[in-house]
Amino acid sequence: MMAIIMAPLRTRLIVAVFSFTALWGFALSITRYSIPEEMEEGSFVANLATDLGLDVRSLVQRRAKLDVIHSKNYLDINKETGELIIREKIDRESICMTKTTSCFLKMDVILENPIRIFNIELEIMDINDNAPVFRRKTMPLDISEATPPGERFSLTNAVDADVGANSIKTYYLSESKYFIIDIQTGSDGSKYVDLVLNGNLDREEHAVHNLILTAVDGGVPPRSGTASIIINVLDINDNAPLFSQPVFAVNVSENSAAGTVVMTLNASDLDEGTNAQLIYSYTLYTSEKTQELFSLDPNSGEIKVKGVIDYEESQSFEMHIQAQDRGANPLSGHCKVTVFVTDLNDNYPEVTVKSLKSLVTENVSVGTLIAVVSVSDRDSGVNGEVELTLNQQQTLPFMLNRSSEGYFELLVSKPLDREIISKYDITLRVTDKGSPPLTENETITLEILDINDNAPTFPQSFYTIHVVENNVPGALLTSLSAFDPDLNENQYLVYFIMEKEIVNTSMSMLFSINPENGDLYALKTFDYERERDFLFHIEARDSGVPPLSSNVTVHIIILDQNDNTPLIVSPWRAQGSVVEEVIPRSTDKGHLVAKVIAIDADSEQNSRVTYQLLQISDASLFSLDQYNGEIRTTRMFSYRDPRQQRLVIVAKDNGEPALSATVTIKISTVEHVMPFLETTEVPLDYDVFTDLNLYLVIGLGAVSFLLLITILVIIVLKCQKPKPKAIKIPPANRNSVVSRNSVISQRSSTIADSTLISSDAYWYSLFLAETRKGKVVVRQPIIPKGAGYFVSSIPRSTGISETSDSRASTLEQEPRRELP
């Protein structure tokens, strides 16, 4: 369409005006064109080369360019054809803001070498591309329904960005029988519109009017815009309140509670706002008595019971009520309300306690009189007939007995027990036979007094209390609390220990109990190894008359504590001494060297002893069984092994913390081991030990010793398989085998290892040499057969001799025997 419009415009509207002016060697020419707005990009405007008399080929050489003054560069020059074309769409309304019919775009065509400037004016012609627009889409108006016809109201006019014939031409109003519009034309040609009232408004008939105002321009085709007119009709007080009916009848029961709603009046007013807000009130025709019995809410019209309504006093009431609006000139409406009173059984029966015992003891006998009660009802006929019953919600140990007309006795029917129920709330329920029946309750309180009829009871009949030994004297063991359900002095308990003697020791010397709260204390420190448990009784006695008591058995169990260090009883040695063992170097692997036996006075875990090697000369030569303490060889001796080995064994119990004891065993290896002769306890006198006698004794002993060894060897060879022959100990090595001032136990190689596994300590000999008044006493317990022992010589100056043993499990003191 734009191309169609442009062709006639070019032929009719293009006017070329050429002027030549000489100015400093520049030629100045002015050319004017007219085009419509909104032409498409690339549209042809004019042929500048032809209109300006320029050679098309010189446009490129002379670098022709277009300079737009005070605007965007909407156009461009095609240097190949010399045509002026549209570079960007032109909006006339954005270039020319003012409402003028003419709009020009000024630009210069500049040529260089030589310089020439051509002035060009491009007139932008308006097209109808903008519709009318109202500045306010919604226009609210408030018009009173009392406004007379012909009243005018100004409306917001529409605006159109186009000019001339394309601007606003007229206005239209949607159909309405109450309003029309009047169009006015301003001095500048602008169109204005007024709204004119064309009839009488009635808000009750039509409160809101919605109109549409349309503005239409003069373009081809025309464009339009609309706005909404909302007219709110303002109310005037032209309607009186109106009740739905002039007379109302309503029923109400007598004795209705205050606040009971009788009815709610609801008058209507066709007006709105304050003209429709109603106030309800009694008129002068309503009696003061009626106004005292019934209240009227002025805002809601709700009628409520305010006083006491009694049918016997008045059977009906009349109320004259008006509803008045809150208008400037208030209007009112009236009605009458008749209230009919319905008769009811409105007199409640009464119960009166004439005589009452509020306190009774719990051992009162059955049939005891508690109270005398009378009942009555002011009504007559069936409404005055009453029944008296006890509250059936719980089973009570009481009953009612009719004694005379209108009188009842309250009696005890079952034995009472204060410990079960200490107080009774007895509810007497009296009911008449009216319709509906009325009921009245009266509650009396009966307190039960206590007697001492309950002995103290302990939560359990037998208490077992564990006490760890070495406890602190005075430590709290437990709290033995008995319970007595009685009250006051019947409940006050005293605790004491029932006397009992154990080994001439009273229980009160070992334990103490707090007589007030039953806290049990230990008075001494207990030793598990001496005393294991105690069994006695504790009695709780109340302070009633006569007093009642009960007792409970208490079993005190002493728990062991790891307070005893293991005692090494085998091999036996004097305190601080070293145990010496002698074994042949030809001993096989697994040979039993020694067995360490330790005992622990504690019990269970605390007495379980294990053995460990603390120090060892050669770890590859010996092994120790941690459970039975056996020391065995792990291999055979070699010539490189030293002749003497030193082992330190630790015996440790399983307590927390663990306790331990150690023993040092010095093992000597020899080529031959000589069996020891059996010896018996022989008292010796130092006085007879002269040098000659000493030599004789030694010689005799040596001969006897050699004879015994010979006999033993023959026996062994006959009874067992061949064994390596025993090697005699050279005199040079004898000092290393038997040390001076010591007793050395040696095992015969003929004794089987199995005989050494037994835990009996008597498998090992215990020696004690003691000097007293120049005499030597040698004690020897019973020993198993087949083992030999010897005692080394003791000089006169020697006191107690050092002894060594290889096995011992139990040490017992024996009385000394001396020779005279």
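I looked up Asn 488 and found it exposed, with a relative accessible area of 61%. My terms here are buried for under 20% relative accessible area, exposed for over 50%, and partly exposed in between, with a 1.4 Å probe and protein chains only. This is a predicted model: local features need pLDDT of at least 70, side-chain atom pairs count only at pLDDT 80 or more, and totals for chains, interfaces and linings use all residues. Residues are numbered from 1 along each chain as its sequence is written, and side-chain values use heavy atoms, with hydrogens and water left out.

**Positive phi**

I stayed with Asn 488. Its phi is positive, about 50 degrees, although the residue is not a glycine. Asn 488 sits in the loop between strand 34 (476-479) and strand 35 (493-498). Helices (H or I, at least four residues) and strands (E, at least two) are DSSP runs, numbered from the N terminus.

I then turned to Arg 63. Here too phi is positive, near 50 degrees, in a residue other than glycine. The loop that holds Arg 63 runs between helix 3 (56-61) and strand 4 (65-68). Is Arg 63 buried, partly exposed or exposed? Arg 63 counts as partly exposed, at 46% relative accessibility.

**Cis peptide bonds**

I checked omega next. Val 220 and Pro 221 are joined by a cis peptide bond, with omega about -5 degrees. I placed Pro 221 in the loop between strand 16 (208-217) and strand 17 (224-234).

Glu 656 and Pro 657 are also linked by a cis peptide bond, and omega is about -5 degrees. Pro 657 belongs to the loop between strand 49 (644-652) and strand 50 (660-670).

**Sheet 11-15-14**

I traced an open sheet of 3 strands in the order 11-15-14, paired antiparallel. Strand 11 (152-154) and strand 14 (179-185) are the edge strands, each pairing on one side only. On average, neighbouring strands of this sheet are turned by 35 degrees against each other, direction ignored. For that angle, axes are lines fitted to C-alpha atoms, for helices over the stretch in contact, and angles run from 0 to 180 degrees between N-to-C directions. Two strands count as paired if DSSP finds at least two bridges between them.

I counted bridges next. Strand 14 and strand 15 (residues 191-197) pair antiparallel over 7 bridges. Strand 11 and strand 15 are joined by 3 bridges and run antiparallel.

Which residue of strand 15 stands opposite Asp 182? I found Asp 194 there. Asp 194 also stands opposite Ser 154. Ile 181 faces Leu 195 in strand 15.

Strand 14 and strand 15 form a hairpin with 5 residues between them. In this turn, Gly 189 has a positive phi of about 90 degrees.

Why do I call strand 15 largely enclosed by the rest of the structure? Because 5 of its 7 residues are buried.

**Sheet 44-48-47**

My last entry is another open sheet. Its 3 strands are ordered 44-48-47, and the pairing is antiparallel. At the edges are strand 44 (592-595) and strand 47 (622-624), each pairing on one side only. Neighbouring strands in this sheet are turned by 20 degrees against each other on average, direction ignored.

I followed one pairing further. Strand 44 pairs with strand 48 (residues 630-633) in the antiparallel sense, over 3 bridges. In strand 48, Arg 632 is the bridge partner of Leu 592.
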